[in-house]
Amino acid sequence: QMPVFLTREIVNISGVWRAINIYQASDLKGRPVIVAVDIKTGEAFAWNAQDLLHSNIPNTASVAGVVEAKGTLLSPTGSDHGPTAPLPLQHAKVFDDKGRVVAITDDNGAFKVPAGTQSSMKLTIRLDGEYAAVIDDEASRNGPVEVSLSATPGQTMRALLNPLGDNAEKTAAGNGYFYYSHMISWLKAAARMSDKRIEVPLAGGIRVNRHDMPGNAYFNPANDSINPQKEAVVVVRGRDGRPVKLRFENTAQPSILEHEGTHRVVHQVSQIELTVEQAAVAAFRFVLRIMDPVMDSGVNEAIADTVSMFMRNCPLIGEGFILNPPAGAPAYIRTGENKTQYDPKNSDPHAEGESFMGFTWMVHQGLIEALGQEAGTAYAALLIVPTTIYSQPKDVTTAAQHVMLADMTSDGRIPNEAMIRESAQAHGVSLPDVSPGLGVAAAEIQGTVAASLSSERSAPKGALAAAAGPAQYPARNEPIVVNDA
């Protein structure tokens, strides 16, 4: 009888983990046997019926499961403050009883652990994954967010972290983990940023429920951490000079977390990368991590807003951020539906960048109108996000020009030029004429500028990263923690 392939498994045979193909076959006397062949070494193992009944053969069953954590869903319009519900725990580590990582969850929070010869397994899952771990500054009150369980091979289980997490501080932990991990997945898929540097775990983690900067959130490059704040009351001066108490919600909200996470991505891409040869030379020990990215601070704020808007297909950042807004004042932080005019003299990077944020949202909507919802949304992400992050523009005008050049085809046409120019003009930016000969250069430049800065950089072929000139370090005098919401 010819062997019949049954399945492929990872099992433990005599204390060695092996990837094996399992076949049903017959011995020389025609008796049924099970054959396992090591895929890597070609070693074969066989068991007859008596072996299957009495010997210590490998158990090829696996423990499978899906893990979720309580957090905040988006609203029907893509903004913050949807219902509290389970979110898939993406790219989370699954630990065994010895603290070893035995599996990583996928984008849906699913995992599978080979059981080997074990009749049961103790597994632990917490808010700790490939991209980040969550640290709760109020953990003594809120308790740890993790789950430990005993699982039987062949069993499929569901686990929910923080099942009672309906208060803002406990939900902040689930939000912090999910929305940062989801942002990395989105950049890799929608923006096609296959860049190992953005996958490097946050060294300082996501520190939720902080209270060092009430009513805010920030990325801190000094310790590589993201820091959303707990709900707080802040006293400010009104227009009449009298004190006004404003109550700010817990800032671990989807739109804000995606904004701060993008600051970290920009920072990672800005770093000077050493080759293996350079790293071996003592003189290069003086090449340290830079605190500020090359990118202009206003553009940095704007691209952080842009990623957040594009991910949610919603122009609002921080809707409901102020719980008791003054009469007539908006309750959100910023909106992409603005007509803010670019003012290079404005010292506030958030205000300076608001014009580019408005420009990117207007281009996003223009592409949807031209190409349809699905194609327009996809092309907007590819056109704007990697182009801006990798080219590190020195000002808003240069950033908008890069977007227009990224739309250029190999024959020199810019299919959406009129709409892009109109979007820039609506925000006080006049784009220069494009040289007729630039189309030939575009074909050679596509995707190479980012790669020239670091071999790890990967820009989509449709992105003309820096045809307008190399990025320059802007002259700025800012504190270390500059990337706040």
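The model is predicted, and the first stop is His91, which counts as buried because its relative accessibility is 11%. This residue is found in the loop between strand 6 (84-88) and strand 7 (92-95), and its phi is near 55°, a positive value in a residue other than glycine.

Next, select Asn162, whose place is in the loop between strand 13 (156-161) and helix 3 (168-189). The phi of Asn162 is near 60°, again a positive value in a residue other than glycine, and Asn162 is buried, with a relative accessible area of 11%.

Now turn to the aromatic rings, of which the structure holds four pairs. One of them joins Phe5 and Tyr23 in an edge-to-face arrangement, 5.7 Å centre to centre with 70° between the planes. Phe5 lies in strand 1 (residues 4-13) and Tyr23 in strand 2 (residues 16-26), so the pair ties together parts that are 18 residues apart in sequence. Phe5 is partly exposed at a relative accessible area of 45%, and Tyr23 counts as partly exposed at 22%.

How are the rings of Phe356 and Phe359 arranged? Their centres are 5.5 Å apart and their planes stand at 25°, which is under 30 degrees, so the pair is stacked. Both residues lie in helix 8 (residues 349-371), three residues apart, about one turn of the helix. Phe356 counts as buried at 0% relative accessibility, and Phe359 is buried as well, with a relative accessible area of 2%.

Finally, select Arg126 together with Phe95: the charged end of Arg126 sits over the ring of Phe95, 4.8 Å from its centre.

Conventions:
Residues are numbered from 1 along each chain as its sequence is written. This is a predicted model: local features need pLDDT of at least 70, side-chain atom pairs count only at pLDDT 80 or more; totals for chains, interfaces and linings use all residues. Side-chain values use heavy atoms; hydrogens and water are left out. Helices (H or I, at least four residues) and strands (E, at least two) are DSSP runs, numbered from the N terminus. Buried means under 20% relative accessible area, exposed over 50%, partly exposed in between (1.4 Å probe, protein chains only). Rings of Phe, Tyr and Trp (its six-membered ring) pair if their centres lie within 6.5 Å; planes under 30 degrees apart count as stacked, over 60 as edge-to-face and the rest as tilted. A charge sits over a ring if NZ of Lys or CZ of Arg is within 6 Å of the ring centre and within 35 degrees of the ring normal.
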